[in-house]
Amino acid sequence: MFLTSIFPTLPTSPVEIIVFAHLGIGIFLLFYATFIELEHRQDLMRILGAAALLLYAVVHSNTALIWVSGAIFLGSAIQFGEILLGLHKHGPEDLKRYQKMWRLKKHK
């Protein structure tokens with residue numbers, strides 16, 4: 001059958017199609033979050049992407065994917081909450097410390 005190597009069973013009901021659509025969107029959002037500069041927006045993209053993967057994992061009873069997507073969701077939600085509450089900050093001194101730690105120098 002067409003596309004059987006990609007999807008073992010093609011979605012036939014509207015609910016299955018919605019779940020697979022959410023899976024595709026979630027994968028894209030997790031990938032896209034890597035390229036976003038602002039940290040709070042990265043966390044929002046990861047929360048949405050992990051929630052979409054979590055929906056797929058729960059529907060298909062995939063325990064490993066439930067744990068992974070749940071951990072990504074929880075970690076991003078905690079960090080986003082810290083940013084909203086003002087507990088999560090990076091300053092110029094942090095950048096200098098990281099550059100010294102990793103021996104990174106500015107090239108002029």
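Colleague: In which hand does H1 pass H2?

Modeller: The crossing of H1 with H2 is left-handed, a label used if the near helix is turned anticlockwise from the far one by less than a right angle, with clockwise giving right-handed. Bear in mind that the model is predicted, so local features need pLDDT of at least 70 and side-chain atom pairs pLDDT 80 or more, while totals for chains, interfaces and linings use all residues. Numbering starts from 1 along each chain as its sequence is written, and side-chain values use heavy atoms, leaving out hydrogens and water.

Colleague: What counts as a helix, and how many does the chain have?

Modeller: A helix is a DSSP run of H or I with at least four residues, and a strand a run of E with at least two, numbered from the N terminus. By that rule the chain has 4 helices and 0 strands, in the pattern α-α-α-α.

Colleague: What makes H1 roughly antiparallel to H2?

Modeller: The axes of H1 (residues 14-33) and H2 (residues 39-59) cross at roughly 150 degrees and come within 8 Å. That angle makes the pair roughly antiparallel, since the label applies over 145 degrees, with under 35 roughly parallel, 65 to 115 roughly perpendicular and the rest oblique. The axes are lines fitted to C-alpha atoms over the stretch in contact, with angles from 0 to 180 degrees between N-to-C directions.

Colleague: Which residues of H1 and H2 meet?

Modeller: Contact means heavy atoms within 4.5 Å. Among those that meet are Val19, Phe20 and Leu23 in H1, and Met45, Arg46 and Leu53 in H2.

Colleague: How do you know that the span of H2 agrees with its length?

Modeller: The expected span is 1.5 Å times one less than the number of residues. For the 21 residues of H2 that should be 30 Å, and the end C-alpha atoms are 30 Å apart, so the two agree. After H2 comes Ser61, with a positive phi near 55 degrees.

Colleague: Why is Asp43 called buried?

Modeller: Buried means under 20% relative accessible area, exposed over 50%, and partly exposed in between (1.4 Å probe, protein chains only). Asp43 has 1%, so the buried label applies. This residue lies in H2 and touches Ser76, Gln79, Phe80 and Ile83, leaving aside residues up to four places away in sequence.

Colleague: What do the buried residues of H2 pack against?

Modeller: They pack against H1 and H3 (63-85). Gln42, Ile47 and Ala57 are among the buried ones. Over the chain, 20% of the 108 residues count as buried.
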